[in-house]
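Please look over the structure below. The questions after it go through surface, fold and charged pairs in turn.

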Amino acid sequence: MENYQVGLMTRRRDFREYLDRNGVLDKLTEIFMDQLECPVMNFPNKEYTRKMLVIPNPDEEKILEIRSKLYDAISFRDFLKTENDSLKAAFETIDDGIITTEND
């Protein structure tokens, strides 16, 4: 049991050193200090923390524009799919009618 505790403490220490080396702890401290100094924000703390941790993407506006076009295309595809199914059903009933009248 003692070896398990030593291994656990070693992993924790290594992980903290890793976070410190890569500047994660400094960035988290900066974010939390911003939240502490300015408690009234226009958006939730979780969203602020997430936005501050992620490196800003210079193409974010273009991505949002393309995403909206993608959603429009998906909805149009679904519309076309349902229209296609209804037309297939209509043609099948017409084909059935033609086949039965030709046999008479």
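Q: What does the accessible surface of the protein come to, and what share belongs to carbon and sulfur atoms?
A: The model is predicted. Its accessible surface comes to about 9,600 Å². The share of that area belonging to carbon and sulfur atoms is 59%.

Q: How many of the helices and strands does the secondary structure hold, and what pattern does the protein follow?
A: The protein has four helices and zero strands. Read along the sequence, the pattern is α-α-α-α.

Q: What percentage of the residues in the protein is buried?
A: A residue counts as buried under 20% relative accessible area. The protein has 104 residues, and the buried part of them is 6%.

Q: Is Tyr 71 buried or exposed?
A: Tyr 71 lies in helix H4, residues 60-103. On the surface, Tyr 71 forms a nonpolar patch with Leu 70 and Ile 74, and together they have about 300 Å² of accessible area. The cut-off for exposed is over 50% relative accessible area. Tyr 71 has 51%, so the residue is exposed.

Q: Which residues does Leu 25 touch, not counting those up to four places away in sequence?
A: Leu 25 belongs to helix H2, residues 24-37. With a relative accessible area of 33%, Leu 25 is partly exposed. Outside the four places on either side in sequence, the residues in contact with Leu 25 are Arg 16, Leu 19 and Asp 20.

Q: Which residues are linked with Arg 13 in a network of salt bridges?
A: Arg 13 forms a salt bridge with Glu 17, with the closest N and O atoms 3.7 Å apart. Both lie in helix H1 (residues 2-21), four residues apart, about one turn of the helix. Arg 13 is partly exposed at 46% relative accessibility, and Glu 17 is partly exposed at 38%. The network links Arg 13 with Asp 14 and Glu 17.

Q: How far apart are the closest N and O atoms in the salt bridge of Lys 69 with Glu 65?
A: Lys 69 and Glu 65 are four residues apart in helix H4, so about one helical turn separates them. Glu 65 is partly exposed, at 44% relative accessible area. In the salt bridge between Lys 69 and Glu 65, the closest N and O atoms are apart by 3.4 Å.

Q: What is the N to O distance between the side chains of Arg 77 and Asp 78?
A: Arg 77 is partly exposed at 45% relative accessibility, and Asp 78 is partly exposed at 35%. Their side chains meet in a salt bridge, with an N to O distance of 3.0 Å.

Technical notes
Residues are numbered from 1 along each chain as its sequence is written. This is a predicted model: local features need pLDDT of at least 70, side-chain atom pairs count only at pLDDT 80 or more; totals for chains, interfaces and linings use all residues. Side-chain values use heavy atoms; hydrogens and water are left out. Helices (H or I, at least four residues) and strands (E, at least two) are DSSP runs, numbered from the N terminus. Buried means under 20% relative accessible area, exposed over 50%, partly exposed in between (1.4 Å probe, protein chains only). Accessible areas come from the Shrake-Rupley method with a 1.4 Å probe; for residues, only the protein chains shown count as cover. Patches are made of residues with over 30% relative accessible area and no salt bridge: like charges are joined within 9 Å, nonpolar side chains (Val, Leu, Ile, Met, Phe, Trp, Tyr) within 5 Å. A salt bridge is a side-chain nitrogen of Lys or Arg within 4 Å of a carboxyl oxygen of Asp or Glu. Contact means heavy atoms within 4.5 Å.
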